[in-house]
Amino acid sequence: MIILLLTNFSLLASSRLDACIRIITFQGIIIAFLPILTVRETHIIFSYPPYLLALVILTVKGIVFPVLLKHTLRSVKVRREIEPFVGYGASIVIGVIAMTFSFWVCRQIPLHGTTLSASALPVAIFTVFCGLFMIVSRVKAITQAIGYIVFENGVYVFGSALLIEQSFLVEVGVIFDVFVMVFILGIMTFHINRAFDHINTAKLEKK
Amino acid sequence: MILTLLILIPALAGIASFFVSSAFLRRSMLAGTAVLHCLLTAAAWVSAPEILLNGWLALDSAGLLFLSVSSILFLASSVYAVGYLGREHQQQQISEEGFIFTNTPESIFIACLQLFLSAMTLVCASQHFGLLWVGIEATSLASAPLIYFHRHQHSLEATWKYVLICSVGIGLALLGTLILTYSASMIEGEGLNLVLGQLLLNSADLQPQWLKVAFLFFLVGYGTKMGLAPLHTWIPAAYSEAPSLVALLSGALLNCAFLGILRIHQVCIAAGQSAFSCGLLVFFGLFSMAVAAFFIIGQKDYKRMLAYSSVEHMGILSLGIGLGGTAVFGSLLHLINHSLTKGMLFLAAGNILFVYKTRISSDVKGLLGRIPVTGALWVAGLFAITGAPPFGLFVSEFTIFKSAITQKHYLIAGLFLLLLAIIFAAMSYIMLNMAQGENSEPVKKESSFGIIPPVILFLLTLLLGLYIPPGLTDILNSVAFIFGGA
């Protein structure tokens, strides 16, 4: 959980796009192991093997996303996010505030959980905040896409933190949708680049 | 069998369209799918369709109602699309600003259209909140390429906005779904199950605070998709850029998202939290109407004007449901009427755009002289959409208003009336100016593909204003009962 927290901070702070992609790959891999951890802690009997789910997530988040993003990155030839709306120092400060807030919120709500949910819930909420913050504060299309993946990761951790056993069908549906979503975002980043010679969404505004 | 076919036929036809190379065959597949889907929906009215996957998929009366609206609209749009693609087939075009762009390959366009229909059917039929989410997300994914049909900068901007805002909204709805599951998991001894029927049975045991939080997330998440202010910002951009088939987005997609909100509202009612959810619905409804009224005044782009009008009508729907009582009936009737009328207006707007090549309303003059049928439809549509008698929207808006008065919500009723009046004035100023004026150009012959679908939609709205068939009243009543109406 602490590792997850740290990855969020480094995402907020890093300007190099390939570093960002490496970090979310790492985040995806950690997340993939969550279902297995959940089983260890609670001995809940899942109706499907959790390893299967872990494998699916590992493939999508640990392999497919990074490859897609790297590919887009190569084709659009940008290296770093130059002028975000909110600077990196300020981003970190906002991150700290968001983290405090997440921990505070989690103390207020009634829980009937295990140790895992107690520690994972604030991290999940924090991750959701980070993703949303990245979407609104960054200008490059690709960074917004990365922000979206972070947001999605947060939602996923939230789900596992609450020990929710959804059925396999739904899980796969969710993962598939997110996959197509990222795919479309990737293609569109490419088109934006071709149409404007840059991928700044701020300049997409109508004149 | 019916339900399986309803979902599978458009999906398979959609996938097949990717690989069919003949344009004629592809277009006839589109029309064929639409007709088949319509017939199957009609069959579902006669005999109740089967229940699939342990009750995950079943068509209850609410689903059937929403599905029928979508199906009719899809049929109209696909007939229109056949004509539209016929005249848009030249690959390169000059845009208003004078740069060259190409259209999305037709195979992708048609395929996505059919996949979109399949996803909408899934939404209407799903009784499981997770599946509902998957369906709604699938509709936005399938419709993104539709908006990006004209490949140029502005539509790229619109699509980016659409995909990003809707995905975040839908992500929030997923969070809502998870929270709902959590509140259900507090039930002792029960397995975790998000099937609507089971949730309703056990609703009293749902943890109330978590349920409220879940409702909030659902409202914000699906509200984004449905176009409730302040999260409506993608609608004007997407609607003005997409080809006229946006009629489908406005008439059917928004309804699907609305169904998502209604389902959770249903759970809230059963759990005795209806005061909370109704209050929020009323607030967001009025707020959307106010925002729409503000932006319609002086709107320069006529497709954007129609888009804001959609925001307004979504506000009315949410207001009606929130008020409860007979207003729920009014709201559901309004949903049908709005879809039909707005569908017709968007198709008519497509005809105008084709002839005048501009979206700026002040550049369009003398519609009635130049393209008489579309011009007449445009004027009639104005009165229909703003809720003048004898059209269906008048009946439904009046029902909602009357219900607000009888429940002694005078402030809400007053605001409702005031906003409607403002919107009426603003829209008629814009639309009548377009219809009238000198026309120097010769009368242009209009293609029957572009005329027949909107005319039929228009006749249906008119019919609903004058006479509601008893079968429809029955089903509306039963649906209204589910969603807390009297």
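In chain B, B:V328, B:F329, B:L332 and B:L333 of α13(B) meet B:L476, B:N477, B:V479 and B:A480 of α19(B); two residues are in contact if their C-beta atoms, placed from the backbone, lie within 7 Å. This is a predicted model, in which local features need pLDDT of at least 70 and side-chain atom pairs count only at pLDDT 80 or more, while totals for chains, interfaces and linings use all residues. Residues are numbered from 1 along each chain as its sequence is written, and chains are lettered from A and ligands numbered from 1 in the order in which they are written.

**Chain B overall**

- Chain B has 19 helices and three strands; helices (H or I, at least four residues) and strands (E, at least two) are DSSP runs, numbered from the N terminus.
- Of the 486 residues in chain B, 60% are buried (20 or more other C-beta atoms within 10 Å of a residue's own; exposed means 12 or fewer, partly exposed in between, with C-beta atoms placed from the backbone).

**Helix α19(B)**

- Helix α19(B) covers residues 470-482, and its 13 residues should span 18 Å at 1.5 Å a residue; the end C-alpha atoms are 19 Å apart, which agrees. The expected span is 1.5 Å times one less than the number of residues.
- The residues B:L476, B:V479 and B:A480 are buried in α19(B). They lie on the same side of α19(B) because they cover an arc of only 100 degrees around the axis, the arc being that of the directions from the helix axis to the C-beta atoms.
- Exposed residues B:P470, B:G471 and B:D474 sit on the face of α19(B) turned away from its buried side.

**Packing of α13(B) on α19(B)**

- Helix α13(B), residues 326-356, packs with α19(B) at an angle of about 120 degrees, and the axes are 9 Å apart. Axes are lines fitted to C-alpha atoms, for helices over the stretch in contact, and angles run from 0 to 180 degrees between N-to-C directions.
- That angle makes α13(B) oblique to α19(B): under 35 degrees counts as roughly parallel, over 145 as roughly antiparallel, 65 to 115 as roughly perpendicular and the rest as oblique.

**Helix α15(B)**

- The 14 residues of α15(B), 372-385, should span 20 Å, and the end C-alpha atoms are 20 Å apart, which agrees.
- Buried residues of α15(B) include B:L377, B:W378 and B:I385.
- The helices that the buried residues of α15(B) pack against include α12, α13 and α16 of chain B.
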